[in-house]
Every structure is written in C-alpha cells, then in structure tokens.
Amino acid sequence: MKNVLITGATGGIGQSLVKVFHVNGYNVCATGTNVEKLSFLEKKYEARFKGIQCDLSDDDQLKKLAEESNKYYGSTNILINNAGITKDNLFLRMKDDEWNDVININLNSNYKLTKIVIKDMIKSKWGRIVNISSDAAKIGNPGQSNYVASKSAIEGLTRTIANEVASRGITVNCVAPGFIKTEILDSVDKKKLSAMEEKIPLGRIGNVDEIASVVYFLSSEESSYITGQVLHVNGGLTM
C-alpha cells in the first residue's frame, strides 16, 4: 500500500485528489490551512486519512508536516505539490508582498517540502512527485506576473529534479490545468466565461476530477517511463 502526501487538499482540485487516491486504497495525508475543511475530510474518509494543518510559508511548520506524516504512515511514496495562491495585480502596480507571498507558497514551499520528502524516496529507490503548474505559465496571463513566474519556475524545477533522481526509480512531472470549474470561476462574469469557453477547442470548461485522474496516472506504476514532463490538461487551449 502506497502513502501519498497532498498539499492544498481543501480546494476543489485538492479534494478531488484526496478522493481518487483514497478510493484506490492509498494512505492519504492531506494538508491545508482551513481547519474546518480538514476536519470535514477526516470525518468523510476516517480510515487511511490524516489531515494536517500547515502554513507552507513557515519553515518550522513544513518540517513538522513531514514529521507528522511520517509518524502516521512511515514515509511518503508519492508527493503531490498542489497548494497555490494568487495575488493578482498589474506588474507596475504589484507590491513586494504580493510578489513574495505568491513566490513563497507556490515555489519556495514546493522546493523545501520536496527536498525533505525525496530523501526517503531515494533510500527506497521508488517515488512519484507531481507538481501542479498552470496554463498561465505558457500563456503569460496579464496581471499575474507573480503567479506566472512561480508556475514557470516550478516547471523548470520539475525537469531538473527529474534528471537528478531518474536513476533512483523516482519520476517527477507537472500537470498544468487550463480553465477548470472551481470556486474561483464562480466569481467570473458569465459573458467572460462564455468567451473563455469559445477559445477552448473542446468547447467547455474542465472539471477537477479530470485533473485528479491525470495526477493519479502519473503517480502509478503505469507511468514509470514518463518523467520531466509538463502535461497540459486544458481541452486543447494550448497545443
């Protein structure tokens, strides 16, 4: 039985990730900042699930997260770096804290947590790491220079780590979602949403389960010959 650690587990994509791994018999450690949502997940799944509150921008909490997850199920075999935030602003108006906060959560915490977790994977000569990027890294969304920079960096980091640990039986890949039906899209004007859909060759917004299923595949034995890749799940929005 494999053990998976999922960050950003209380969001739409995060909850779908928890579901797909739990349904398929994995031990799941899930982390987020929302205590109520973590408690809800613990009540929902009970067995083979552990919710751990963690502020990923805090180094001490990051270390504690790794310690608690190891205490729960031994060592992490699969790491899903899903957590991410946005603090949008036009580049010339962007404040330093808006830049730093997004880089710290989306990039720096990813680097730090992966560095902690990957050591046990190297010892056991098996592991799967999947980082959640975004189509924004390819498109360069206006008003999201901090977010785009963080996601572009994640894709580069993914390729480098994949190169370094491939000989140890560890694969490292990225999944880059396009427009996905989450709470964020609920606030988008319907006319804008329709315009967005028209740009997608498949003609619709994606759903969170479609992201989770791809992440699940990249975490499996069946994906053992895939590493260092960025897989765009976007209905053909970028090709």
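In this predicted model, Thr 171 touches Gly 127, Arg 128, Ile 129, Leu 218, Ser 223, Ser 224, Ile 226 and Thr 227, when residues up to four places away in sequence are not counted. Thr 171 belongs to strand 6, which covers residues 170-177. Its relative accessible area is 5%, under the 20% limit, so Thr 171 is buried.

Asp 88 has another setting. This residue is found in the loop between strand 4 and helix 4 (96-124). With a relative accessibility of 44%, Asp 88 counts as partly exposed. Residues up to four places away in sequence aside, Asp 88 touches Gly 143 and Gln 144. Asp 88 and Pro 201 are 113 residues apart in sequence, and their C-alpha atoms are 27 Å apart in space.

The chain as a whole may now be described. The protein chain has nine helices and seven strands. Its radius of gyration is 17 Å, close to the 18 Å that the globule rule gives for 239 residues, so the chain is as compact as a globular protein of that length. Further values for the protein chain are set out below.

| Property of the protein chain | Value |
|---|---|
| Span of the C-alpha trace along the principal axes | about 50 × 35 × 35 Å |
| Share of the 239 residues that count as buried | 48% |
| Accessible surface | about 12200 Å² |
| Share of the accessible surface belonging to carbon and sulfur atoms | 51% |
| Distance between the mean positions of the 29 positive and 27 negative charges | 3 Å |

Among contacts between residues at least 6 apart in sequence, 69% join residues at least 24 apart.

The largest nonpolar core has 28 residues, of which Ile 6, Phe 21, Val 28, Ile 80, Val 175 and Val 215 touch the most other members. At least two residues of this core are supplied by each of strand 1 (3-6), helix 1 (12-23), strand 2 (27-32), helix 2 (35-45), strand 4 (78-81), strand 5 (127-132) and helix 9 (208-218). Helix 9 gives the largest share, six residues. For Ile 80, leaving aside neighbours within four places in sequence, the contacts are Val 4, Leu 5, Ile 6, Thr 7, Leu 17, Phe 21, Val 130, Val 215 and Ser 219. A second, separate core is made up of 21 residues, among them Cys 54, Leu 56, Ile 118 and Val 172.

Key. Residues numbered from 1 in each chain as written. Predicted model: local features only at pLDDT ≥ 70, side-chain atom pairs only at ≥ 80, totals over all residues. Heavy atoms only, no water. Helix = DSSP H or I, 4+ residues; strand = E, 2+ residues; numbered from the N terminus. Rg over C-alpha atoms; globule rule 2.2 N^0.38 Å. Buried < 20%, exposed > 50% of the residue type's maximum accessible area, 1.4 Å probe, protein only. Contact = heavy atoms within 4.5 Å. Areas by Shrake-Rupley, 256 points an atom, 1.4 Å probe, with all protein chains shown as cover. Lys, Arg positive; Asp, Glu negative; His and termini not counted. Charge placed at Lys NZ, Arg CZ, Asp CG, Glu CD. Core = buried A, V, L, I, M, F, W, Y, C linked by side-chain atoms within 4.5 Å.
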